[in-house]
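Please read them with the structure open beside you.

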Amino acid sequence: MIWLGIESSCDETACAVLEDNPVKILSNPLYSQIEEHNLYGGVVPEIAARAHLQKIAVIVQKAVKEAHISLNDIGAIAFTAGPGLMGPLLVGASFAKGLAKDLGIPSYGVNHLEGHLSAAWLSNPNLKPPFLTLTVSGGHTELVVENANFEYTLLGRTRDDAAGEAFDKCGKLLGLPYPAGALIGKLGANGNRKFHAFPRALKHDDHGDFSFSGLKTSVLRYVESNTPEFIQENINDICASLEEAIVDILVSKTIWALKKTQLKTLLVGGGVSANTHLRSKLKAYCERKQINLYFPTPALSTDNGAMIAAAAIRRAQEHALLNISEVKPWMPLAP
Ligand code: KG4
Ligand code: ZN
């Protein structure tokens with residue numbers, strides 16, 4: 001069967017066409033609103049909702065065209081039901097439901113975080129739970145065990161900012177454009193990771209929770225106590241040190257969770273999972289400990305429509321599809 005996946009929870013209007021047996025992405029275009037939010041240094045929900053409204057039909061048509069199918073070939077539509085921004089979610093859900101009704105096909109709500117985790121599954125469709133998952137995005141940082149039948153056990157999450165949010169907010173303090181995560185990774189690759197020791201909150205505590213707000217404050221103090229010229233001249237080294245601190249926290253807590261659960265499979269997802277330094281640090285540990293490690297392809301790490309269709313296909317295979325009112329709109333996925 002052919003699936004349409006629609007993602008509109010934040011600042012990307014995305015739509016993908018997927019075949020489910022065998023699972024294959026036929027198209028996966030998106031419209032990024034970054035330019036529209038850049039001026040404000042972060043996502044403005046009202047602007048996001050309006051941009052989704054303007055672009056959603058265009059992107060759906062593009063997805064259908066690039067997949068070389070017609071609308072009538074689609075068997076079901078999956079859309080992001082939450083978590084995310086209310087206005088943007090409403091645009092995606094209304095469009096998906098309207099189109100499904102028009103085509104006489106079913107539509108299913110998908111949890112955005114389940115979508116992120118399903119991105120890695122797309123390259124490894126034989127993967128079966130239980131496994132440990134690390135979700136690192138602009139809005140979430142969670143360590144969760146995925147058990148059979150989409151039952152989840154929360155091991156830890158951020159008490160304040162998410163990892164992507166930490167990248168973006170610290171980047172803003174350093175004068176970098178929004179979103180700063182990918183750029184910090186790029187600049188940091190050429191820098192000295194020991195240039196400055198930024199703090200690693202909760203790193204040695206015996207639990208799975210994260211905290212990044214102190215890091216943000218320490219970057220603010222650092223910027224205040226140095227000249228703009230100094231920051232500019234040493235931006236690669238500062239980004240390398242900042243990235244090192246964030247990645248160190250993420251990797252340490254993931255190791256804590258692997259030891260605690262004794263699980264031998266780790267699946268990572270979310271925008272920050274595109275980070276090369278995080279990938280290589282996790283890879284080094286997992287190789288040493290013979291743990292199977294799965295990432296999405298870098299392009300599928302950030303928000304996209306394919307991960308939403310993938311999550312629905314996974315659920316369809318287990319006869320566990322959800323309608324919109326059954327999707328828990330925020331984490332934890334389990335009580
Ligand atoms: O998953 P995502 O696309 O959207 C949310 O669900 O939030 O994640 C976006 C986040 C942003 O904070 C962005 O700065 C971060 O992912 N990000 C990165 C990289 N690429 C995107 N952070 C670090 N390194 C990257 N290469
Ligand atoms: Zn996301």
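1. This is a predicted model. Helix α6 covers residues 181-188, and its buried residues are Gly181, Ile184, Gly185 and Gly188. Viewed down the axis of α6, these buried residues fall within an arc of 100°, so they line one face of the helix. Ala182 and Lys186, on the other side of α6, are exposed. The general rule is that an α-helix has 3.6 residues a turn, so residues three or four places apart point the same way.

2. What do the buried residues of α6 pack against? Their partners are α5 (163-173) and α9 (235-261).

3. Helix α5 has its own list of buried residues: Ala163, Gly164, Ala166, Phe167, Asp168, Cys170 and Gly171. After α5 comes Gly175, with a positive phi near 85°.

4. Which residues coordinate the zinc ion (ligand 2)? The donors are His112 through NE2, His116 through NE2 and Asp303 through OD, at 2.0 to 2.1 Å. Their spacing in sequence is H-x3-H-x186-D. His116 and Asp303 link distant parts of the chain, being 187 residues apart. His116 belongs to helix α4 (residues 112-123), while Asp303 sits in the loop between α11 (298-301) and α12 (305-317). Both His116 and Asp303 are buried.

5. Ligand 1 is surrounded by 18 residues, and the closest are His116, Gly138, Asp168, Gly271 and Asp303. Two of these, His116 and Asp303, are also zinc donors. Asp168 is among the buried residues of α5.

6. Polar pairs to ligand 1 are worth checking one by one. An N or O atom in the side chain of Asp168 is 2.7 Å from an oxygen atom of the ligand. For Asp303 a backbone N or O atom is involved, 3.0 Å from an oxygen atom of ligand 1. His112 places a polar side-chain atom 3.1 Å from an oxygen atom of ligand 1. On its own, ligand 1 has 560 Å² of accessible area, of which the protein covers 87%.

7. Is Ser9 buried or exposed? Ser9 counts as buried because its relative accessibility is 3%, under the 20% cut-off. Ser9 lies in the loop between β1 (2-7) and β2 (12-20). The side chain of Ser9 makes a polar contact with the side chain of His112, at 3.3 Å. His112 is also one of the zinc donors. Setting aside neighbours within four places in sequence, Ser9 is in contact with Thr80, Pro83, Gly84, Leu85, Pro88, Leu89, His112 and Asp303.

8. Leu300 is in helix α11. With 8% relative accessibility, Leu300 counts as buried. Apart from neighbours within four places in sequence, Leu300 is in contact with Ile25, Asn28, Ala119, Leu122 and Ala306. Leu174 lies 126 residues from Leu300 in sequence, and the two C-alpha atoms are 27 Å apart in space.

Terms used
Residues numbered from 1 in each chain as written. Chains lettered and ligands numbered in written order. Predicted model: local features only at pLDDT ≥ 70, side-chain atom pairs only at ≥ 80, totals over all residues. Heavy atoms only, no water. Buried < 20%, exposed > 50% of the residue type's maximum accessible area, 1.4 Å probe, protein only. Helix = DSSP H or I, 4+ residues; strand = E, 2+ residues; numbered from the N terminus. Arc of directions from axis to C-beta. Contact = heavy atoms within 4.5 Å. Donors = N, O, S within 2.8 Å, 3.2 Å for Na, K, Ca; no water. Near = heavy atom within 4 Å. Polar contact = N/O pair within 3.5 Å; in protein donor to acceptor, adjacent residues only side chain to side chain. Areas by Shrake-Rupley, 256 points an atom, 1.4 Å probe, with all protein chains shown as cover.
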